Amino acid sequence: MSTISLKSIMKNLASFIIACLFSVLSISAYAAIDVYDFDSVQQEAQYRGLIEELRCPKCQNQNLAGSDAPIAQDLKQKTYDMIKEGRSDSEIRAYMQERYGDFITYKPPVRPSTWILWFFPPLLLIALIVGWFWQSKRSQRIASGQSGILVDSAAALSAAEKAELDRLLSRANRNDSINEMDRDITSIEDKK
């Protein structure tokens with residue numbers, strides 16, 4: 001009888017824990033929703049555009065709209081306040097960049113400090129394409145015998161290397177002739 005009551009107690013405890021988890025999750029999901037009152041549809045569109053464009057300093061690869069970090073919440077509030085004050089997009093961007101640097105925006109301005117961000121990837125791509133093109137043309141020339149490089153193989157080898165090469169070639173020729181004789185004998189036996 002005590003096992004039945006223990007099972008029912010465990011079941012009730014598990015139900016209670018699951019209910020608590022669901023309530024905590026629903027409260028946190030509710031807290032993530034931003035509710036701001038705007039004077040016009042233009043202000044709301046301006047706000048939505050800016051929080052989509054500005055990057056969360058903590059999350060790094062997430063915009064303010066998708067981040068639930070406390071700093072993202074603060075930046076959304078500051079953006080809202082500045083829009084309500086009547087500031088333009090460029091003024092809000094300038095404020096954010098002044099405070100958080102060029103990292104805050106997905107489109108950093110073109111200036112000497114950001115040249116590597118703007119010009120290195122295309123230059124690297126061009127260099128890779130030129131290298132690939134040059135390598136493929138070079139391999140085509142070598143394959144067709146138009147490389148322009150003439151090597152006198154006899155002059156390139158020393159006397160010791162020539163002797164070693166001759167020894168290896170004669171050994172390979174002997175092995176080939178033995179293998180050929182084995183094939184001939186095998187083929188004669190197969191014919192019988």
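Trainee: Which residues form one aromatic cluster?

Mentor: Phe-38, Tyr-47 and Tyr-80 form it, in a predicted model where local features need pLDDT of at least 70, side-chain atom pairs count only at pLDDT 80 or more, and totals for chains, interfaces and linings use all residues. Residues are numbered from 1 along each chain as its sequence is written, and side-chain values use heavy atoms, with hydrogens and water left out.

Trainee: How many aromatic pairs does the structure hold?

Mentor: Rings of Phe, Tyr and Trp (its six-membered ring) pair if their centres lie within 6.5 Å, and planes under 30 degrees apart count as stacked, over 60 as edge-to-face and the rest as tilted. The structure holds three such pairs, including the tilted one of Phe-38 and Tyr-47, with 5.3 Å centre to centre and 45 degrees between the planes. In another, the ring centres of Trp-115 and Phe-119 are 6.5 Å apart and the planes stand at 65 degrees, so this pair is edge-to-face.

Trainee: Are Phe-38 and Tyr-47 buried or exposed?

Mentor: Buried means under 20% relative accessible area, exposed over 50%, and partly exposed in between (1.4 Å probe, protein chains only). Both Phe-38 and Tyr-47 are buried, while Trp-115 is partly exposed at a relative accessible area of 45%, and Phe-119 is partly exposed at 42%.

Trainee: Where does the charged end of Arg-55 sit?

Mentor: A charge sits over a ring if NZ of Lys or CZ of Arg is within 6 Å of the ring centre and within 35 degrees of the ring normal. Here the charged end of Arg-55 sits over the ring of Phe-103, 4.6 Å from its centre.
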